[in-house]
Amino acid sequence: MMRDLNAPFTVLWLQSGGCGGCTMSLLCAEAPDLAATLASANIRFLWHPTLSEETGDEAIAVFEAVLSGDIRLDALCIEGALLRGPNGTGRFHTLAGTDTATINWVRRLAAVAEHVVAVGTCAAYGGVTAAGVNPADACGLQYDGRRPGGALGADFRARAGLPVINVAGCPTHPNWVTETLMLLSAGLLHGGDLDSYGRPRFYADHLVHHGCPRNEYYEYKASAEKMSDLGCMMEHLGCLGTQAHADCNTRLWNGEGSCTRGGHACINCTAPEFEEPGHAFIETPKIGGIPVGLPTDMPKAWFIALSSLAKAATPERLRRNAVSDHVVTPPAVRDIRKR
Amino acid sequence: MSEGTKRLVVGPFNRVEGDLEVRLDVANGAVKQAFVSSPLFRGFERILEGRDPRDALVIAPRICGICSVSQSHAAALALAGLEGVVPTDNGRVATNLILATENLADHLTHFHVFFMPDFARAAYADRPWFAEAERRFKAAHGLSVREALATRTTLLHVMGLLAGRWPHTLALQPGGVAKGADARDKMRLLATLGSVRADLEARLFGAPLERVAALADAEELDAWRRTGPDGDFRLFLTIAEDLGLAALGRADDRFLSYGAYPQQEGRLYAAGTFAGGRLGSVDTSAIAEDHSFARMEGREAPHHPFEGSTFPDGADETGYTWCKAPRLSGLPFETGAFARQVIAGQPLARDLATKEGANVRSRVVGRLVETARTLIAMENWVRALKPGEPWCAQGALPQAGRSFGLTEAARGALGHWMVVERGRIARYQIIAPTTWNFSPRDASGQPGPLETALVGAPVRQGETTPLAVQHIVRSFDPCMVCTVH
């Protein structure tokens, strides 16, 4: 059913097996703030666990009105993994006040939603909630880790025809969420705008490496050896920025920030199963002294050849600064006429 | 249930962090008994087992989106204990700034987004202050709600500069922080904090932070209500007086704080207990978790967290929550900003604790007084950062050992207990602030602090989600995702 473009784009937001961090991040939207951003696209929250007045019966009445079709639901946003345990009952998370497993509420509501949006890596793929022994039998809406499936099944399509839109990230950047909703509300997000894991390409077609201020260290393989060093964190400290699909270093977080700008590795939190890298997060696994895990689209032989060449050519400045927590050797200032 | 008693099941309980259900037995217009349930179990303690101990810095913060730095800090402290490493001076001060930023942001979120919008409900339309409450605090749209979110967003720029991002930073390390600040960062931090100060002084307090921090007793608080500067703080005091919030939601008045913000000597807010009008020290060996009414195995006896376990028992019909019941020397304790300020000796908090105990009003007042005090301290910490000096001490993990880390989240005392064997996490137990506050009954039948605080709450005719109950619940600033983890 086509939406009357003058009517508000309605959003119902539920939280399940997650930490609420994607909402906490969402509230950091700025210039303009969240309320103004949503208003600009005529997006209206029917109910949100953090923002809405309605509690208890009042909230359940909203859900029931959506299920009965009295209120049109343009986007169902789910934050947090879906819990199937114990023993397939889903009772590790019952929706408070309803004695019903939240995964069942989500399945019913997804069936009447024009779009279903997974907010964060937990809702998309299971995420940290599915890590280790996965005590709660957690999964994503349409993925179980890297495998299609999850709570709604691989074949699920929302009423408007799209699979679940996976705004992956742990947490999500506020604008990944608002821009996804704004594009949906404008009718501008189509199947081809999602990548192979269902992530909106407007942010997933970038790599965290893009715009990382440590790029010069990367170019010369001048590596950080310990936490707080300035060098590239790929060789020793577990950084996956060259493989991680996100625009964190061009979009930036909380003003001027990003993980690598904060001095710590990118752990590829937009990817399914990032929670189980197979090694300690802040340590790069190596075979024969060579880091396992190549930069995206880089042939291995070339990477090794370029790396050894780059290492041999590392300027002394970068070699020294890479293992310091502040710049000890600034770039030389040259007379521009003597180029 | 006796005759004339009605049972109410309240949920989903929103404008708290995470999921909460409260069961109430109501008779003669008041709550007779309350049972607090945390309906979400994820099992982070089990997720952590078997991993490299350093992975706790990635996994533990993701317990909670609103206390992620506190969770990270507790893990870093436990790792520091294992490594025997002491943070550098810069590392300690930067850690204080990062943790204080989160705690301050949470206080702002709590007051403006979670707590105050209940007074803008139509049910209060007949009160003289209603129009102003609605204008400022209507959920999501009120003027103060939006302005506070903007202030919070500005404040969290501290994270962009010092920690990379918020939530879920990896910046906090056992030996300090992963990123240094230079002189221009210090200027930028002072500008950010200065802007936050200006916002709070203009809108929340209507007065300098120092005046709020210096409030000395209940009389001065009352004078602020009667003749103080216009601001959201005074509006709250007006509402609190009209609705009698000081008589609502008293629990056992036993307070616990692990202490916050280590300085060169001592902490900004001291660790301790306060009960029966007396200060005491925290004996962590006397902490134990009771599983009698938690849907958890291990019900035979309470366990100290070094011996604790987390095996959910979905078939358990006696248990009514996934939350365990932590007790100190066998007693429930209340934790949070008010408790922290009482134990730290802030004169107004101490006076309120003595005269009226913890209640809806004093918990909120404690949080706002702490907001002022902490922001003042943060400005001094920025000035104390020393560019060029080290930010992160380096240590090495032993193959085996055990250690714990204690810190203060916005909503109270948070502890991690870690046992390492053969270089891997063999056991990890977490007791979060709301685990203390919203714990269920224990083997001896003692209710948790919220369960006690709800007894006697008025339930008006026809109310299914009583407003008084909502005020009491939200006055604790609960974080339910931390509670069970």
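How are H8(B) and H14(B) oriented to each other? H8(B) and H14(B) are roughly antiparallel to each other (angles over 145 degrees count as such).

## Basis of the model

This is a predicted model, in which local features need pLDDT of at least 70, side-chain atom pairs count only at pLDDT 80 or more, and totals for chains, interfaces and linings use all residues. Residues are numbered from 1 along each chain as its sequence is written, while chains are lettered from A and ligands numbered from 1 in the order in which they are written.

## Chain B overall

Chain B has 18 helices and 16 strands. Helices (H or I, at least four residues) and strands (E, at least two) are DSSP runs, numbered from the N terminus. The radius of gyration of chain B, taken over C-alpha atoms, is 22 Å.

Buried residues account for 63% of the 485 in chain B. Buried means that 20 or more other C-beta atoms, placed from the backbone, lie within 10 Å of the residue's own. Contacts are residue pairs whose C-beta atoms, placed from the backbone, lie within 7 Å. Among contacts in chain B between residues at least 6 apart in sequence, 71% join residues at least 24 apart.

## The helix pair in chain B

Two packed helices are described by the angle between their axes and the distance between the axes. Helix H8 (residues 183-204) and helix H14 (residues 360-384) of chain B pack at about 165°, with axes 10 Å apart. Axes are lines fitted to C-alpha atoms, for helices over the stretch in contact; angles run from 0 to 180 degrees between N-to-C directions.

H8(B) contributes B:Lys186, B:Leu189, B:Leu190, B:Leu193, B:Val196 and B:Arg197 to the contact. H14(B) contributes B:Leu375, B:Met378, B:Glu379 and B:Val382.

## Strands in chain B

Strands of a sheet pair through backbone hydrogen bonds, either parallel or antiparallel. Here, two strands pair if DSSP finds at least two bridges between them. One open sheet of chain B has three strands in the order S1-S2-S3, with antiparallel pairing. Strand S1 (6-10) and strand S3 (30-37) of chain B each have a single partner strand, so one side of each is left without a neighbour in the sheet. Neighbouring strands of this sheet are turned by 20° against each other on average, direction ignored. S1(B) pairs with strand S2 (residues 21-27) of chain B over five bridges. B:Asp25 in S2(B) is the bridge partner of B:Arg7.

Strand S14 (residues 401-409) of chain B is mostly covered, with seven of its nine residues buried. Nine bridges join S14(B) to the antiparallel strand S15 (residues 412-421) of chain B. A hairpin links the two through two residues. B:Glu408 has B:Ala413 in S15(B) as its bridge partner.

## The sheet in chain A

Five strands of chain A form an open sheet in the order S2-S1-S3-S7-S11, with parallel pairing. Strand S2 (43-47) and strand S11 (165-167) of chain A stand at the edges, each with a single partner strand. Neighbouring strands of this sheet are turned by 30° against each other on average, direction ignored.

Strand S1 (residues 9-15) of chain A runs parallel to S2(A), joined by four bridges. A:Phe45 in S2(A) is the bridge partner of A:Val11. Helix H6 (residues 174-185) of chain A packs on the sheet, touching S1, S2, strand S3 (73-79), strand S7 (113-119) and S11 of chain A. The direction of H6(A) makes about 155° with that of S11(A).

Methods:
Rg over C-alpha atoms; globule rule 2.2 N^0.38 Å. Buried ≥ 20, exposed ≤ 12 C-beta atoms within 10 Å, placed from the backbone. Contact = placed C-beta atoms within 7 Å. Parallel < 35°, antiparallel > 145°, perpendicular 65-115°, else oblique.
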